[in-house]
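Have the coordinates open and follow along.

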Amino acid sequence: MRLIILGGSGAGKSTQAKKVCAALNLQLVSVGEILRSAIANRTALGKQAEAYVIQGKLIPDELMIQFMGDRLSQPDMAAGWILEGYPRTAFQAEELDFLLDGSNQTLDWAIYLQVADELLLERSQKRGLPDDTPEILEQRLKAFHESTVPILEYYSHRQKLLTIDTAKPISEITETLIQCLSNS
Ligand code: AMP
């Protein structure tokens, strides 16, 4: 199964992605985590990404698309995956489809964890990551509305959007998700 998980910072993408991966035996690719570790380790990707991440801005599409193209072609991805935090723009979504088409693969679902803005900000503040300051969080929310919300329509149009209401305990959300995916 090939899945992506969408939602603002603080929507619970990482928590749910980890649980779904464990339950369905999928490979997890968490873009935010990869970037934070690349920055901490001063890798080439980290050096290019740093200025954007610390401002809460999205990394340029070209850089992300190249990186994800390489990552998806690695052998550990063959048995199925879930991408957390990718795609985040319409261009990234289209490029992902091209990439999958090129290897005769399809995306099964785009899972959208729906959360009110105020709750997103409140939850992110509690995470306490280095790029979770109030100014950066506002900027990330802006980037989410400007760039990521439009791709919900992209997946909805292709009948691939699975919207999950997250005003429930974490374990119930996971249960709903796994049930929806198993029935699909
Ligand atoms: P996250 O932990 O998923 O909220 O991601 C942290 C930061 O990494 C974001 O604020 C962006 O600067 C960057 N980032 C993560 N995923 C992407 C993406 N798909 N495209 C561009 N930038 C990204």
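Start with D132, which is buried, with a relative accessible area of 6%; buried here means under 20% relative accessible area, exposed over 50%, and partly exposed in between, with a 1.4 Å probe and protein chains only. Before going further, a word on the ground rules: this is a predicted model, where local features need pLDDT of at least 70 and side-chain atom pairs count only at pLDDT 80 or more, while totals for chains, interfaces and linings use all residues. Residues are numbered from 1 along each chain as its sequence is written, and side-chain values use heavy atoms, with hydrogens and water left out.

So what does D132 hold on to? The side chain of D132 meets that of R127 in a salt bridge, at 3.1 Å from N to O. The term stands for a side-chain nitrogen of Lys or Arg within 4 Å of a carboxyl oxygen of Asp or Glu. R127 is partly exposed, with a relative accessible area of 39%. D132 also forms a salt bridge with R140, and there the closest N and O atoms are 2.7 Å apart. Both D132 and R140 are buried.

The structure holds eight salt bridges. Another one to look up is K18 with E33, whose side chains meet at 3.5 Å, N to O. K18 sits in helix 1 (residues 13–24) and E33 in helix 2 (residues 31–40), so this pair ties together parts that are 15 residues apart in sequence. Helices (H or I, at least four residues) and strands (E, at least two) are DSSP runs, numbered from the N terminus. K18 is partly exposed at 43% relative accessible area, and E33 is partly exposed too, at 42%.

Now over to the strands. Which way do strand 1 (residues 2–6) and strand 3 pair? They pair in the parallel sense, over four bridges; two strands count as paired if DSSP finds at least two bridges between them. Within this pairing, I4 stands opposite L83 of strand 3. Strand 2 (residues 27–30) also runs parallel to strand 3, and four bridges join them. Here S30 has E84 in strand 3 as its bridge partner.

Finally, look at the side chains of strand 3 (residues 81–84): W81 and L83 point one way, I82 and E84 point the other way, and all are buried. In a regular strand, side chains alternate between the two faces of the sheet.
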